[in-house]
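Please walk me through this structure in plain terms.

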Amino acid sequence: MKPVNLNTAPCSPVSSNCIIWQGPNIPCINLCNGDTVSDVVFALATELCGVLDTLDVANYDLTCFGITACGPNDFQALIQFLIAQICALQGITPVEEKTGSTGCPDCLVTIAPCFVVGNQTTMNLTDYVNMIAAKICSIIDQLAIINATLTSLDIRVTTLENAPIPTFTIPSYPLSCEIGSLSFPGTYQIDAILQAFTNEVWCSFYTATGTTSDILAAVASECISGGDPSRANPGIDMNIAYPTWVNASSTLADTINNIWIALCDLYNSSVTVADTNTVNLTYTAGLLTASVQDTDWVRLEGFSFIPDSNIQGVPMVRRIGNVLHFRGTIMVPLINGGSPLTWDYSAGVDSYFSNTTVIPFSGAGGVQINASGNIVFNNGNSVIPLSVIPVGWAIDQNYQNPAGLKAAYRTIPIDADNSTILTTFFSQVISTTGALALGLIKDLESTTIAGAGGVGSWDTAHLNSIISHVKGGELVPKYSNIGTTIYNSSVAGSQPSSIYFTAGYAYPFSCNANDQNQIGGFLQRLDGLTAFISPCADLLPTPTPC
C-alpha cells in the first residue's frame, strides 16, 4: 500500500482512511461492511501474521526430543514428527495396516484442547491425524484467500491514493428576511446563516415561547370546547356556529384558531345584566356599573305630627337589598282635639314638655291602643311606605329590636325653673304587615302570666320600681339629698332605706307609665331595629338608587 507521504506527483495522494470497505461482513476477523480500508488491511494483516507465526517451525521448542540437527524444517514435517513421537510414546510401531489389527493407527490418543468437543478428550489416531490435516488444509486455503484479498486491496488503495483530493465548497443562498445580525437583502454561506439563526434567533425565541412540552401543556389547557354555547349565538354550540372551530385542538395553530373564534364571539355578543335585590347593574357603551339597591331613608307613615325639622330625628326606614333598617325617634302622640299634638323640638322648646295630658292620641293618624299593654302606630296599619315595600311583598316574620326592653322617657316641668323625667320600658316590634308596636312591661306581665288582657299580675314585676308611677301634687324624690339612704349606709348589716322628698317639688300630673292609656308623650329611639323581606329570591322594585 502506498504511503500517504509518498511523492506521487502529478497524482494527489489519498488516505486509506477515506476508503470504505463495501464487501460482506467477515466475522472471523471482526470485519464489517462500512469499515475503512485501513481497518480492513489491518485486520487481514493481523490475522495473516498470526497464521504465519503459527506455521513457523522456529517458534516451537523441540529440545525435549534431543534433536541437535536435521529437525523438521516446515510445519508439515513438524506435524509428521509429532505423529511419530506420539506413536513411540504409545508403543506403536508404524507398520502397514493389517486386517483385524487392534493397535495403532486404530488406537485412541489424547487430543489437544482445541480439538475437544464437549467432554470427548480422546479420539482414534487416524481420525485425529485426518482432522489435523483438514485443519491445516483449511488454514492454507484461507491464506490463499487472504493473499488474494490483500492483493486486491493493495490495488484499490493504490488507485484511491492516486486519485485527486476532493474539494468542497460551502453552499450559499440569498436571504428573504433578516436573520439576527445578517441583514436583508444579502447572500451568506449556510454555516453563517445557521450560526446566526441558532444563536441570535432560535435561542431567544425558545426562551420566549417555552419548551415544546410547555406549548403542548398550554394547548391542553383549553377551557372552551366545541360543545359549549356561543355567546353571540345563544342556544347554538361553538362548533355549530363556527364551522372552522377545531374540536380537541392538539396544536398551537388549532388553539390560536379557537381563541380568536372565542374572542370574536365574545366581542360580537351583547351583554345583558340582571339586577338583584342588592345590586342594580347597568351596562352602557361597554361600561358595566353596579349600584346598591338602596331606597335611601324614607319617613315612616303615621308620624306626620313630627315635623321634618325636629332635631331629635324623625322616624325613618331604609331598604338595602332585602333588609329594612330603622332609625330616628318615635314619640307616642298626645291628644290635641281631633288630631295629634305636633311634637316640635326644632326651636329648642319641646311642645310636649308642659302638656299635662298622658292619654295617647288614637284618632286618625294616631295610635291603636290594646288592652294587653301595647300600642300600635298609624292606627295599626303599616308604617312602611310602598316605595320601600311594594304591593305583593311582605316582611317574612315579626322582628323585635335586638336591644329587647329599651328605656323610654318623657320630660315634664316641676316648676318654672326645674324639671324631671318620667321613665318606662318599651319593646319594639315590626310585624309581617309592617305595623310598628311598642310593648310595655304590662304586656309581658299580662300575656305570659295571666293570659291575654288579664290584670291579675299587672304592676308586679320588679322593673316597676324604676317605671314611673306618680300622682299629681305629690312630692318628687331627691335621690342625691343627704336624707336619701337607699344608696349608702354608715354601718354594716341590714339597715332601713329612705328617700328624701324636697318641699315644693311636686308632680304636675299623675302617670302610671306601665299603662298603655297613660304613656302619651313618651319617646324612644328606633335605631337597631331591622327586618327582612320575603321571598328573598324575587326581584324587588327599587327606586333609582341613591
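A salt bridge here is a side-chain nitrogen of Lys or Arg within 4 Å of a carboxyl oxygen of Asp or Glu. By that rule Asp308 forms a salt bridge with Arg299, and their closest N and O atoms are 2.5 Å apart. The model is a predicted one.

Arg299 is at 24%, so it counts as partly exposed.

A search of the whole structure finds four salt bridges. Another of them joins the side chains of Arg318 and Asp294, at 2.8 Å from N to O. This pair links distant parts of the chain, 24 residues apart: Arg318 is in strand E8 (residues 316-320), while Asp294 is in the loop between strand E6 (287-292) and strand E7 (298-299). Arg318 and Asp294 are both buried. Asp294 and Arg318 also belong to a network of salt bridges in which Asp296 is linked with them.

Arg525 and Asp527 form a salt bridge too, with the closest N and O atoms 3.0 Å apart. Arg525 counts as partly exposed because its relative accessibility is 36%. Asp527, with a relative accessible area of 33%, is partly exposed as well.

The helices come next. Helix H2 (residues 75-89) packs with helix H3 (residues 125-162) at an angle of about 165°, and their axes are 12 Å apart. Angles over 145 degrees count as roughly antiparallel, and H2 and H3 are therefore roughly antiparallel to each other. The crossing of H2 past H3 is right-handed.

Which residues meet where H2 and H3 are in contact? From H2 come Phe75, Ile79, Ile83 and Cys87, and from H3 come Leu125, Val129, Ile132 and Ile136. The residues of this contact of H2 with H3 are eight nonpolar, no polar and no charged.

Thr420 lies in strand E18 (residues 419-430). Is Thr420 buried or exposed? Its relative accessible area is 18%, so Thr420 is buried, the limit for buried being under 20%. Apart from neighbours within four places in sequence, Thr420 is in contact with Arg410, Thr411, Ile412, Ile414, Val476 and Tyr507.

Note on methods
Residues are numbered from 1 along each chain as its sequence is written. This is a predicted model: local features need pLDDT of at least 70, side-chain atom pairs count only at pLDDT 80 or more; totals for chains, interfaces and linings use all residues. Side-chain values use heavy atoms; hydrogens and water are left out. Axes are lines fitted to C-alpha atoms, for helices over the stretch in contact, and angles run from 0 to 180 degrees between N-to-C directions. Helices (H or I, at least four residues) and strands (E, at least two) are DSSP runs, numbered from the N terminus. Angles under 35 degrees count as roughly parallel, over 145 as roughly antiparallel, 65 to 115 as roughly perpendicular and the rest as oblique. A crossing is left-handed if the near helix is turned anticlockwise from the far one by less than a right angle, and right-handed if clockwise. Contact means heavy atoms within 4.5 Å. Ala, Val, Leu, Ile, Met, Phe, Trp, Tyr, Cys and Pro count as nonpolar, Asp, Glu, Lys and Arg as charged, and the others, Gly among them, as polar. Buried means under 20% relative accessible area, exposed over 50%, partly exposed in between (1.4 Å probe, protein chains only).
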